[in-house]
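Me: I am new to this one. Can we go through the terms step by step?

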Amino acid sequence: MTLLTSEKFIKQNLDISDNVSPKFLQAAMADAQTLKLRPILGDSLTDKLEKLVSDGTIKEPGNAHYKRLLDDYAQFFMMWHVRKEIAHTASYKISNMGVTRTTDEHVQAATQEEIIADREYSQVKADAYAARMQAWLLDNRKLFPELDDNSCNAIKANLTSAASCGVWLGGVRGKRIRR
């Protein structure tokens, strides 16, 4: 798999320390791309982006719309998912002793409640970028032959009922349905 974002991009655009393990970042970037971005873009469009990045042709003038999708939307969406995962990964480790938490005498580790609140903050940011990306994709559908009717219908459905929680809340985001 070709990653569509990089450690450099993540660290330049977020408050992530330079000493965060590349191992943590690589795993979080792969998860964000596979588990979060791919369901939004669909397999065909994600595969196309991976191919263009892999072979270096994304910078060619004929691929400007793919580059814009990647640079202006997809990377920022993935970045916030990476931040969400790193908060947990950097705080808790699995070892022979089970799940452990590392502390240092000069640094005060965040509480579990603070970590959860920070993850929720990152999820809200990722959701906002997802909505922007999906709206832009629908507005520019003709530029992407990989977006078939099924993909567009899935994007539309998500735009009218997007909430990042375990329970489907139903209905349009932020609107009251009057009966």
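Reply: Start with the word helix. A helix here is a DSSP run of H or I, at least four residues, numbered from the N terminus. Helix 2 is such a run, and Gly56 follows it. The phi of Gly56 is positive, near 75°. Keep in mind that this is a predicted model.

Me: What makes helix 3 and helix 4 roughly antiparallel?
Reply: Their axes cross at roughly 165°. Angles over 145 degrees count as roughly antiparallel. Therefore helix 3 is roughly antiparallel to helix 4. The axes come within 9 Å, and the crossing is left-handed. The contact has 15 nonpolar, six polar and nine charged residues.

Me: How do you know whether helix 2 is straight or bent?
Reply: A straight helix would reach 48 Å at 1.5 Å a residue. Helix 2 has 33 residues, but its end C-alpha atoms are only 20 Å apart. That falls short of the straight span. The bend at Gly42 is about 115°.

Me: And how does the span of helix 3 compare with the expected one?
Reply: Helix 3 has 28 residues and reaches 39 Å, close to the expected 40 Å. Helix 3 still has a kink of about 40°, centred on Ala74.

Me: Which residues of helix 2 and helix 4 meet?
Reply: Contact means heavy atoms within 4.5 Å. From helix 2 come Leu37, Ile40, Leu41 and Leu45. They meet Ala130, Met133, Gln134 and Leu137 in helix 4.

Me: What classes of residue make up that contact?
Reply: Seven are nonpolar, one is polar and none is charged. Here the two helices pack at about 35°, with axes 11 Å apart.

Note on methods. Residues numbered from 1 in each chain as written. Predicted model: local features only at pLDDT ≥ 70, side-chain atom pairs only at ≥ 80, totals over all residues. Heavy atoms only, no water. Axes fitted to C-alpha atoms, helices over the stretch in contact; angles between N-to-C directions. Parallel < 35°, antiparallel > 145°, perpendicular 65-115°, else oblique. Left-handed = near helix turned anticlockwise from the far one by under 90°. Nonpolar A, V, L, I, M, F, W, Y, C, P; charged D, E, K, R; others polar. Expected span 1.5 Å × (residues − 1). Bend = angle between axes of the 7 residues up to and from the residue.
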